[in-house]
Amino acid sequence: MSKTAILEIDGNKYEFPVIVGSENEVAIDIEKLRAATGAITLDPGYKNSGSCKSDITFLDGEQGILRYRGYAIEDLAEKANFLEVSYLVIFGELPTVAQLEKFENDIRKYTLVNEEMKNIIDGFPKTAHPMGVLSSLTSALTAFNPKVVNVENEEEMYTAVCKTMGKFLVLATWTFRKTSGFPLNYYDNTKGYVENFLRLMFELPTGPYTINPVIVDALDKLFILHADHEQNCSTSTVRMVGSSHAGLFASISAGVSALWGPLHGGANQAVLEMLEEIQKDGGDAEKYLAKAKDKNDPFRLMGFGHRVYKNFDPRAKIIKKAADEVLATLGVNDPILNIAKQLEESALQDEYFKSRNLYPNVDFYSGIIYRALGIPTDMFTVLFAIGRLPGWIAQWKEMRVNKEPIGRPRQVYTGYALRSFKPMNER
Ligand code: SDX
């Protein structure tokens, strides 16, 4: 691989360094482009632009590879648990038994949310979407934890990580409890992280809540599969907001808002709503495939396509297998799973989808499992956020520890040239 790239503008040649990543990804370092040439690059949606170097996640869209800190997602989903993977993603190594035990216990120190936070959640109407409430509550945590984290101090950073992991989970479930009119639950420090998610969501004061290990396992795996995904829209948002040295809670709150969009994490809710619409409309998958291909129809096949994966999303393969297993174990026969499989089968043979490399992504099957586990549809993206939290924390921490500059992209101005002011009577 040559060490430099040559750019020619107006007959002048400019050389820029070429850097190669540890998995042989090649990048042209254009840090000095504008100073040397006066020109900038233009890349809407940053489809060809790298924003940073990172050691956290590697994914190969052509090969369908996803690894956290070098470990294959297939191994982690099969052999690890969510807190173990969270520790790996955030601190860089798989924890020892003692480290994992300490991590879990240190998170437990911060699972109590300030009672005054209830005044904030009470201000929302029951109809508020959980993602909007979660973003607001996460930002509000700053009010109760105003001390700015010194990222150079490992102990302070570790405490901020534990605090975020503990409180975010509780607040995420409070969004459901609020819209359901249920009393807000507290974390039970004698139980596990994923078990607590289920308790916090579904335990009522009127009687004991039985935790189903099948559901715990399925959720644990789903959270692992969502833990990080390099520089996706919401993670790039967390990095961008954090690059101004805004706090961790404020940065994650912004990430929650970015994830909410139906083109990103909101797709898992949109997939279920699409499948239910197809079912209501007679279950004709072909009709909806035709709509997705019709350029005059705004309908998109939600859960299909990906900015990076152009063969298959390895997470979708694991989730599809888990969907079959979980529904069979729970004895759930959900007709929309069959509609989903029909859609996938037809799309994979259809020229429109094949030529555009459109395959099921992580959101296509996850909603079917969530529904079988009794999770309400408008909470699906909240579960995505719970899974993605360690990734957001890890990426924010890496960006700050690496002292990355404040994010401030350029633009190509296409508006008016200078105009003289027009007094009111001449407009
Ligand atoms: C996530 O980036 C990440 O890593 C995200 C994520 C993560 O873990 O963080 O993986 C999670 O967000 C998964 C994606 C969830 N979103 C959806 O399922 C929504 C439906 N998918 C699309 O809207 C779309 O595929 C995107 C947004 C996911 C990707 O869009 P791109 O890369 O910008 O591609 P594009 O919109 O330019 O589409 C290219 C072509 C277009 O057709 P042409 O103009 O070439 O004729 O493919 C078509 C698009 O119209 N197309 C679709 C389609 N997705 C793309 N046509 C029908 N249905 C679709 N779903």
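How many aromatic pairs does a search of the whole structure find? In this predicted model, the search returns 17 aromatic pairs. One of them joins phenylalanine 91 and tyrosine 158, whose ring centres are 5.7 Å apart. The planes of these two rings meet at 40°, so the pair is classed as tilted, given that planes under 30 degrees apart count as stacked and those over 60 as edge-to-face. The two partners come from distant parts of the chain, being separated by 67 residues. Phenylalanine 91 belongs to helix α3 (residues 82-91), whereas tyrosine 158 belongs to helix α7 (residues 154-180). With a relative accessible area of 27%, phenylalanine 91 is partly exposed; tyrosine 158, at 12% relative accessibility, is buried, because the limit for burial is under 20%.

A further aromatic pair is formed by phenylalanine 364 and tyrosine 365. Here the geometry is edge-to-face, with 4.9 Å from centre to centre and 85° between the planes. Phenylalanine 364 and tyrosine 365 are both buried. These two residues also take part in a cluster linked by ring pairs, together with Phe304, Tyr352 and Phe353.

Phenylalanine 304, a member of this cluster, also contacts the ligand through its backbone: a backbone N or O atom of this residue lies 2.8 Å from a ligand nitrogen atom. In the side chain of histidine 229, an N or O atom is placed 2.6 Å from an oxygen atom of the ligand. For arginine 315, an N or O atom of the side chain is likewise found 2.6 Å from a ligand oxygen atom. Taken alone, the ligand exposes 1100 Å², of which the protein buries 79%. The ligand is surrounded by 25 residues, and the closest are His229, Arg300, Gly303, His306 and Arg315. By residue class, this shell comprises 10 nonpolar, seven polar and eight charged residues.

Lysine 317 is positioned over the face of phenylalanine 312, at 4.2 Å from the ring centre. In a second case, the charged end of arginine 419 is located over the ring of tyrosine 416, 3.4 Å from the centre of that ring.

Several buried positions in helices were also examined. Serine 251 is part of helix α11 (residues 248-260) and has a relative accessible area of 0%, so this residue is buried. A polar atom of the serine 251 side chain lies 2.7 Å from the backbone oxygen of glycine 247. Leucine 141 is located in helix α6 (residues 130-144) and, with 3% relative accessibility, is likewise buried. Between leucine 141 and leucine 59 there are 82 residues of sequence separation and 32 Å of C-alpha to C-alpha distance. Alanine 172 is found in helix α7, the helix that also holds tyrosine 158. The relative accessibility of alanine 172 is 0%, and the residue therefore counts as buried. Alanine 172 and isoleucine 9 are 163 residues apart in sequence, and their C-alpha atoms are separated by 52 Å in space.

Conventions: Residues numbered from 1 in each chain as written. Predicted model: local features only at pLDDT ≥ 70, side-chain atom pairs only at ≥ 80, totals over all residues. Heavy atoms only, no water. Near = heavy atom within 4 Å. Polar contact = N/O pair within 3.5 Å; in protein donor to acceptor, adjacent residues only side chain to side chain. Areas by Shrake-Rupley, 256 points an atom, 1.4 Å probe, with all protein chains shown as cover. Nonpolar A, V, L, I, M, F, W, Y, C, P; charged D, E, K, R; others polar. Phe/Tyr/Trp six-rings, centres within 6.5 Å; stacked < 30°, edge-to-face > 60°. Helix = DSSP H or I, 4+ residues; strand = E, 2+ residues; numbered from the N terminus. Buried < 20%, exposed > 50% of the residue type's maximum accessible area, 1.4 Å probe, protein only. Lys NZ or Arg CZ within 6 Å of the ring centre and 35° of its normal.
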